[in-house]
Structures are given as structure tokens and as C-alpha cells.
2 protein chains.
Amino acid sequence: VSLTDEFGLIRRLTSGGQAFLQQQQASGGVKVGIGDDAAVVEVNAGTEWVLTCDTMTEEIHFKAITMRDEDIGYKAMASAVSDVAAMGGTPRFAMISITVPKIWSAERLERVYQGLYACAHRWNVAVVGGDTTSSAGGLTISVSVIGEVEAGRALLRSGAKPGDAVFVTGPLGGSAAGLDFLLRQELPSADWTEQEEGVARLVQAHCRPDPQVEAGRLLQLSGLCHSLNDVSDGLASEAWELAEASDVGIDLIEERIRITDELYRYANEVKKDPLDYILYGGEDYQLLGTADAARITELQLRFREAGLVLDVIGYVTPAPAGVRLVRDDGTVARIEKKGYNHFSSSRG
Amino acid sequence: VSLTDEFGLIRRLTSGGQAFLQQQQASGGVKVGIGDDAAVVEVNAGTEWVLTCDTMTEEIHFKAITMRDEDIGYKAMASAVSDVAAMGGTPRFAMISITVPKIWSAERLERVYQGLYACAHRWNVAVVGGDTTSSAGGLTISVSVIGEVEAGRALLRSGAKPGDAVFVTGPLGGSAAGLDFLLRQELPSADWTEQEEGVARLVQAHCRPDPQVEAGRLLQLSGLCHSLNDVSDGLASEAWELAEASDVGIDLIEERIRITDELYRYANEVKKDPLDYILYGGEDYQLLGTADAARITELQLRFREAGLVLDVIGYVTPAPAGVRLVRDDGTVARIEKKGYNHFSSSRG
């Protein structure tokens, strides 16, 4: 996640130093600076490195009632790993900075670390450093991940072309629905694994998301992927990011958007439209991208062979159209640009 | 600063995953993992990268009454850059993660960024990414810096040999005395530049420290430096770190330790021993190291030619002696291992 995504005001803050930054980036081996999922810097003729930094803050990104300590750690690492996946890179090294509330026990902090290491282990990331400080406030975890990518081949947000197929690497909306369940429950989340299977899957999507590293690599190596982003802020917001970075429009086709059984049932139960979770929920960490439409079935076949999912959910249009939803009844509606607000959008 | 330095308990937390970490570090291109100023990872045959991550938290590392907003930003960047200098590396790229109190104005945040960018600019570091989140607590800034070093040539804490000369790249104690002044004053620090010149220099050492990048490079390129550390926690603590990492002892010679005029006068005024600020104060960010004693004058000459300082303040002894102070009266006293506690050690 880049500075410019987080706050409108950051755009202003950083624009003051923009000339300096551009000069630096041109001269200092910076291939992609602030503004994509991660930065890309030159290493040698064959390799570039992908640099990203992601922060999770108590009460903003998680609450004690929605996340177990080990889940908080796992998700913090997963979120940074996902930024590398969204560039088509292989995550290699991580540094962890934790600010821990003074009142916390060593056991709680240990569980956070267990989650961080479990996720690092899973994606073969070496934890090489970090910093732990205490604080009067809540828990803050900042994870920097460094990944590797073939020189000049990082997958940016800006490569989409009119006519491209728009794809996503798995189902969306589960994380936001899982959070919704946890918030409505108002019970500690320690026992979510004991919930009914469908609900447990939604909660798992929220608490232990899977960054799509293998899918990102497959897309990068295929040479068929034109643009890529990870879905941290909901489909609507991420589609707008691709569209604006590439100066194109995107039409999403409602009937192509996969709704899992568990999301369908849960949304019915709480009387919400499952598409709301998909469009305006967040933190699914699937990859959203565009690829050569003429060869998309070939790409889907490779995904199937690798045991992975590639759902085609729309197509790229010329820029003035913006991001739109082609509804099942044939009507076309412009999709709002609004992003994910952790503790408001998904509450009833 | 590494995880293991910060909290005793982190040692335990990380030792659980130690076998996994070691395996990873052996296989994954990690040359130096957690435990030195920074990690070192393999890039190609000629180059390695130095990775470090440093966090500053309000009320722990700074208070609004002791630091202007721009100083907080400057110092956060300086502290991470210093870790790269302490490995003999050249800082290249930075990522900034800020958790900002909800009640802050955009102007205050902008001043923090101005300080961060000013320091990055000074040391030619490209800011390539980051993350800004809001929080109910205080300000937290976490800076990751990536530097470059010739393969196999990073300067570690562990290379000191008995007989080595012990050196430091500039005067110590100024930062702690400056903090002491700011805390006693109990006035906003906005006007420290208007203080009497000597005091202003002490406060500047605290608020705008100079990481010793040039000195680190000179030491690294000389091939004469055996071990190196930056003085973030006071001379006593850092000398102990070198001694323990290298399995040697260190004798510091009191009369060789430079006391600046401003430190001498300030310590007199507040009736403290200037050596207390030097040994147990912190955040001077000078480099402390050891080098070949037979060629130390040659090294000092190179420093003088470059307009830099290299004070020889002691020598390396066999391990059982520990870290000692050879006093002006010829007596020898063991130096306590205690480190720097930001808001207690230097208060009267």
C-alpha cells in the first residue's frame, strides 16, 4: 500500500517534495516509486527488488474482539506479502516493527509473533530484523517485505488496455462478511474455529487471508498479464485504481462475479446484498488484473493445472466509461469509487 | 536496531522459531540475520544489501515538549540511516510507516514529513513507499532503510580482536545533555535555535543527529576496521555489545574520551558528571568500533584528510576483563552494562 492511497492529504504532503523525489528516482535506481502496490528498485541486469511496507493499527484495522493475537500477526504479514504478489514478485525478506501496549503480557506478544512467523514460514519469507517498542496506546504492527522480480517485468496497475479481459484469482467479499459476523456477535473471536463451517470460512477469510503469491508468479511468468492489483479495499475501489492508473474504463459483469455459498447464505441471513460485501468490503487479498483477451482461456487452463482459480469477471473499455456494473437485467450502472472503511462499510 | 536488543523477552519469543530462522537464513541468501545493527542479504556476486527498521514512539522516544514535529521526522530517518552506516554501507532506499494521532492537523503531519524528507535528501536516500494510518494513541514512526555494501564486507559487531584500538567518530553525550536541558526547561522546544550557542549545539545533537555515513564508508573501504556499532544506547551499552559479540573485553581510557566545551559547561551547571551523559546517555549516533592498532594513525590521517574525526579512546583486551574504565588516577573500574532509558537516565 502506498502513501498516496491512504489519505487524500498525503498527496499534498508528498507533492511538495515531488521534484526531488522524481530526480532521486531517476538517478537512484528506482524503477517504480510511490503509487503502486510496492516500489521496484534496480538490483542488477537480471533482477529487480520489490519493496513494500504495511501497517496495522488496533481499533483502525482490527479490534481485540474480532481478531485473536496470532491472527493479528498472521494478517499483518499476509497483507505486506500480498503487495509483493500484486507486483508478480516472490517475497524474500521481512522486517517487523511492533509497538506493543505497556499493559500487554509477554504471552500475548508471543502469540502475535507466532502468527507473524507462521505466515512468513508459509510463504518462505526470512524475517531478518525488526524493532519492538512499548506504547501507552494500542498495538501497531508495521511489516516491510522485500521481494524479487525479473528485471523490467513487475506487474503494475498501469498496463490495462481496452479489450483486455478483467480477472480475479478467487472469491471476494468473504473477509468483510466474516468481520461483519464478528462485530455482530460481540463475543471474543477466540472460538471462531468452532463456528458452523460456512461462517468459519468467512471468518477465516478475514483473520487468516491467503496472499496470492503463486497466482502472481503464474501471471508474471505467463507474459499475458497487462495490469495487476491486490484487493485490499474492495472490488470497486481496486477496479477504479486499475482504471485510473491505466487510463481505461472497466465493465464488471454481475453474473460472472462468483458468490460463494457461505457468502450467499450469510448475506441472506443478515438481509444484505452479497454484492455489497464484494464491491465495498475489503481485505480479501485476491488479485484483480487484466490480460490479453485472445489468450485468456489459455491462461485459465494454466491456472486450473496449477490448482488455482482465474475468474473472468469483465472487460476493459475506453477511459470515459469509468468503472461500471453490467447487471443481470442488462442495465449498466456506474460503480461508486468509495473504498473500504474497516469498521463502518460492512456494518448493517 | 534488532529485535533482540529491545526487550529481553524478544529473545525468548524469537528463539522458538530459531531453528526455522537458521534454516531459512542459510538457504535464503541471508548473510547476517537478527542481532546486528542491520541484516545483510545476498544480491549478486559483488553486492549485498543491508536492511534495517527503526521505530520511534511518542512518550517513549520523544515528547512533544522536547521535539519539534520536523525534528521527530528527521531523527526517525537519521536513526535508521545510522544502522546502515554502522554496517559500513551506503543507504539507498527508505519506506516510512506513520501512525498519526486522530487529533493531529494536516500541518503537523506535513512538518513530520518535511523532517523525514530533509534527512533522506541529505543522505541521498530515495523514499520509495510507506503507509500512513490514524490512531487513537500517540505518533509512531517506523522507518525501513535499505543500503548497499560490497559483498562479504559489511562491518559487524563481532570482529574485534585483543590488541585492537577502540575508536569513536565524534563526541558523545551531547544528545543526552540536550534532552536533559529540554526536560528541565519544561517549555516547548520550538525556540531551541534561539538558545545560547553551546546549549543549542547540545539540543541539536538530540533533535537533529548526524548519522555517520561518510565515516562508515571510510572505515569499510579502509579494510582496517574489525568491528563497528552505532552509539544509540550510550557508550557503556554499545561497548558491551561489541565486547560480547566479539568475545573480547574493552578498556576505555577516561582521559582519551573527548568532552566538548558545551557538555562540560552544561554538566557543571546542573552538577552532573559529563561522563554520565557519555556512558549512559544515548542517541549520539556516532560510530564506535575497533581497528588494527598498528595502522590506527594511518586511519586517523585518512579521517583528518576527509574532514572527519576518529578519536582513539581505548583498546581491546581478552574476554574475561569485560568493559572497564581506566580512570585518570590510574584506577580501573568495571563499567555497568546498563543502557539508555530515554526519559529516566538523564534526569536529575
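**Notebook: a helix on a sheet, and some salt bridges**

I began with α4(A), which lies across β3 (47-57), β4, β5 and β6 of chain A and runs at about 30° to β6(A). Helices (H or I, at least four residues) and strands (E, at least two) are DSSP runs, numbered from the N terminus. Axes are lines fitted to C-alpha atoms, for helices over the stretch in contact, and angles run from 0 to 180 degrees between N-to-C directions. Contact here means heavy atoms within 4.5 Å.

Some ground rules for my notes. This is a predicted model, where local features need pLDDT of at least 70, side-chain atom pairs count only at pLDDT 80 or more, and totals for chains, interfaces and linings use all residues. Residues are numbered from 1 along each chain as its sequence is written, chains are lettered from A and ligands numbered from 1 in the order in which they are written, and side-chain values use heavy atoms, with hydrogens and water left out.

**Confidence**

Chain A averages a pLDDT (the predictor's confidence in each residue, from 0 to 100) of 87, and 87% of the residues score at least 70. Residues 1-9 of chain A fall below 50, although this stretch has 35 contacts in the model beyond near neighbours in sequence. Where pLDDT is low, the predicted coordinates should not be read in detail. For the complex, the predictor gives an ipTM of 0.84 and a pTM of 0.87.

**Back to α4**

At 1.5 Å a residue, the 17 residues of α4 (residues 69-85) of chain A should span 24 Å, and the end C-alpha atoms are 25 Å apart, which agrees. The expected span is 1.5 Å times one less than the number of residues. How many of the 17 residues of α4(A) are buried? I noted 16, where buried means under 20% relative accessible area, exposed over 50%, and partly exposed in between (1.4 Å probe, protein chains only).

**The sheet**

I traced an open sheet of 6 strands in chain A with mixed pairing, in the order β1-β2-β3-β6-β4-β5. Strands β1 (30-32) and β5 (126-135) of chain A each have a single partner strand, so one side of each has no neighbour in the sheet. The twist averages 20° from one strand to the next. Two strands pair if DSSP finds at least two bridges between them; β4 (residues 90-101) and β6 (residues 140-150) of chain A have 9, in the antiparallel sense. Within this pair, A:Thr90 stands opposite A:Glu148.

**Salt bridges**

- B:Asp180 pairs with B:Arg184, the closest N and O atoms being 2.4 Å apart. They sit 4 residues apart in α6 (residues 174-185) of chain B, about one helical turn. B:Asp180 is buried at 2%, while B:Arg184 is partly exposed at 41%.
- B:Asp251 pairs with B:Arg324 at 2.8 Å between the closest N and O atoms. B:Asp251 is in β9 (residues 249-253) and B:Arg324 in β12 (residues 323-326) of chain B, so the pair ties together parts 73 residues apart in sequence.

Methods. Salt bridge = Lys/Arg side-chain N within 4 Å of Asp/Glu carboxyl O.
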